[in-house]
Amino acid sequence: MSGTMDLELARKILAEQPFSRLLGARVAAFGDGEATLELDIREELLQQYGFVHGGVLSYAADNTLTLAAGTVVGAGLITSGFTIDYLRPATGALLRAHAQVVRAGRTRVVCRCDVTTLDASGAETLCAVAQGNIAVIDTPDTPRS
């Protein structure tokens, strides 16, 4: 498996992604087969009806699935595929994606993710669920052990 990852490295990797910086995403929790990504909901992330754009929810699920996989197999990962089901419109103050590893193999990790919103009072609403396959890849920065 690839080298180990911790919260600091997860935050560094996310900060290196220009799109993540554009969205203002941040890693809120990372470890023990789970990861949480958050971003503040703002007008630029909405679609024409005032809901968070589905692409933003997909982004959050995609990155969080991969982050969760990184907690068990380290860096050197890429999403090989995922599905997402939108359950209700996303509105509120904060978008939160929480993923957990279902099974970690040598070359692929299966994870699932809940995407929720929190309103100004802290009430949480489940907006989408996702499941994904994360591929373990060789990169120059992630030597195999």
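The protein exposes about 7,700 Å², of which carbon and sulfur atoms supply 51%. The model is a predicted one, and the values given below were computed from it. Of the 145 residues of the protein, 42% count as buried. The charged side chains comprise 12 positive and 16 negative groups, and the centres of these two sets lie 6 Å apart.

The secondary structure consists of three helices and six strands, and these elements follow the order α-α-β-β-α-β-β-β-β from the N terminus on. The radius of gyration of the protein is 15 Å, close to the 15 Å that the globule rule gives for 145 residues, so the protein is as compact as a globular protein of that length. Along the principal axes, the C-alpha atoms fill a box of roughly 50 × 25 × 25 Å. Among the contacts with a separation of 6 or more, 63% are accounted for by residues 24 or more positions apart.

One aromatic pair is present in the structure. The ring centres of Phe19 and Tyr59 are 5.5 Å apart and the ring planes stand at 80 degrees, so the pair is classed as edge-to-face, the cut-off for this class being an angle over 60 degrees. Because Phe19 belongs to helix 2 (residues 18-23) and Tyr59 to helix 3 (residues 54-73), the pair ties together parts that are 40 residues apart in sequence. The two partners were assigned to separate accessibility classes: Phe19 is partly exposed, with a relative accessible area of 46%, whereas Tyr59 is buried, with a relative accessible area of 9%.

Helix 3 also contains Leu65, which counts as buried at 0% relative accessibility. When residues up to four places away in sequence are not counted, Leu65 touches Phe82, Ala99, Cys111, Arg112, Cys113, Ala130, Gln131, Gly132 and Ile134. Between Leu65 and Ile84, which are 19 residues apart in sequence, the C-alpha to C-alpha distance is 11 Å.

Ala97 lies in strand 4 (residues 94-104) and is buried, with a relative accessible area of 1%. Leaving aside neighbours within four places in sequence, Ala97 is in contact with Ala35, Thr36, Leu37, Ala60, Ala61, Thr64, Cys113, Asp114 and Val115. One of these contacts, Ala35, is 62 residues from Ala97 along the chain, and the C-alpha atoms of the two residues are separated by 8.2 Å. Ala135, for its part, is located in strand 6 (residues 124-136); with a relative accessible area of 19%, Ala135 is buried, since the limit for that class is under 20%. Apart from residues up to four places away in sequence, the residues touched by Ala135 are Gly76, Leu77, Ile78, Ser80 and Thr107. The C-alpha atoms of Ala135 and Leu45, which are 90 residues apart along the chain, are separated by 28 Å.

Two loop residues were considered as well. Asp32 is found in the loop between strand 1 (26-31) and strand 2, and at 79% relative accessibility this residue counts as exposed. The phi angle of Asp32 is near 55 degrees, a positive value in a residue other than glycine. Most residues other than glycine have a negative phi. Gly50 occupies the loop between strand 2 (34-40) and helix 3 and is partly exposed, with a relative accessible area of 33%. Gly50 and Leu118 are 68 residues apart in sequence, with a C-alpha to C-alpha distance of 15 Å.

Key:
Residues are numbered from 1 along each chain as its sequence is written. This is a predicted model: local features need pLDDT of at least 70, side-chain atom pairs count only at pLDDT 80 or more; totals for chains, interfaces and linings use all residues. Side-chain values use heavy atoms; hydrogens and water are left out. Rings of Phe, Tyr and Trp (its six-membered ring) pair if their centres lie within 6.5 Å; planes under 30 degrees apart count as stacked, over 60 as edge-to-face and the rest as tilted. Helices (H or I, at least four residues) and strands (E, at least two) are DSSP runs, numbered from the N terminus. Buried means under 20% relative accessible area, exposed over 50%, partly exposed in between (1.4 Å probe, protein chains only). The radius of gyration is taken over C-alpha atoms; the globule rule is 2.2 Å times the number of residues to the power 0.38. Contact means heavy atoms within 4.5 Å. Accessible areas come from the Shrake-Rupley method with a 1.4 Å probe; for residues, only the protein chains shown count as cover. Lys and Arg count as positive and Asp and Glu as negative; His and the chain ends are not counted. The place of a charge is taken as NZ of Lys, CZ of Arg, CG of Asp or CD of Glu.
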